[in-house]
Amino acid sequence: MLTGAGVFGAYYSFNNISKLKQEVTDLSRQTDLLVRNVEYAQKMSIEITKRIQYILELRDGNADVRIRAVQQLGASNDIAAAAYLMNTLNEDRSLKVRAEAAFNLGNLLQNGGEVETRAEAMKALEQAIRDSSDKVRQEVVEVFGILVCAGNQLPRYVVHSLRNSKTKESHKN
């Protein structure tokens with residue numbers, strides 16, 4: 001038979017065991033959350049490292065390497081990559097790389113992004129309408145067509161540039 005102290009001791013031990021079980025459960029949940037956060041941080045670190053590699057490859061002497069870098073940045077769905085694509089579109093020496101940059105910049109625009117970045121990207125594409133390469137100009141017009149079909153409205157200055165570009169082409173012929 002349990003005495004008063006024995007009953008108190010059994011109750012106290014049972015209460016401590018319940019609290020201890022709850023603490024272990026809470027600690028297990030926190031550990032799971034911590035593991036998931038570490039895994040996410042590792043994944044993001046790998047993604048950032050890849051993007052840095054692609055950005056550096058934009059300076060490579062080989063146009064095929066730059067095209068691959070442009071494609072990877074465009075596929076990232078990271079609107080932050082738009083600045084690099086805009087720069088490539090307007091400054092790369094290879095018409096194939098510039099055309100690929102136009103296409104991938106259009107893909108990024110189609111997927112959304114900040115208003116300021118979208119406006120800058122539209123201006124970069126509008127500048128590219130005046131590119132010396134037919135291939136680049138054709139790609140830019142296709143990008144604008146895709147954006148319009150997707151429900152985007154082109155700014156007036158872009159429509160004006162497209163009209164002027166078409167008028168200049170018809171005067172050449």
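Q: Contact here means heavy atoms within 4.5 Å, so which residues of α4 does α3 meet?
A: This is a predicted model, where local features need pLDDT of at least 70, side-chain atom pairs count only at pLDDT 80 or more, and totals for chains, interfaces and linings use all residues. Residues are numbered from 1 along each chain as its sequence is written, and side-chain values use heavy atoms, with hydrogens and water left out. Helices are DSSP runs (H or I, at least four residues), numbered from the N terminus. On the α3 side sit A82, L85, M86, T88 and L89, and they meet V97, R98, A101, A102, N104, L105 and L108.

Q: Are α3 and α4 roughly parallel or roughly antiparallel?
A: Axes are lines fitted to C-alpha atoms, for helices over the stretch in contact, with angles running from 0 to 180 degrees between N-to-C directions. Helix α3 (residues 82–91) packs on α4 (residues 95–110) at about 150 degrees, axes 8 Å apart. Angles under 35 degrees count as roughly parallel, over 145 as roughly antiparallel, 65 to 115 as roughly perpendicular and the rest as oblique. So α3 and α4 are roughly antiparallel.

Q: And how does α2 run relative to α4, roughly parallel or roughly antiparallel?
A: The axes of α2 and α4 come within 9 Å and cross at roughly 5 degrees. That makes the pair roughly parallel.

Q: Which residues of α4 does L89 touch, setting aside those up to four places away in sequence?
A: L89 of α3 is one of the residues meeting α4. Its list also includes A124, L125, A128 and V136. Among the residues it touches are R98, A101, A102 and L105.

Key:
Helix = DSSP H or I, 4+ residues; strand = E, 2+ residues; numbered from the N terminus. Contact = heavy atoms within 4.5 Å.
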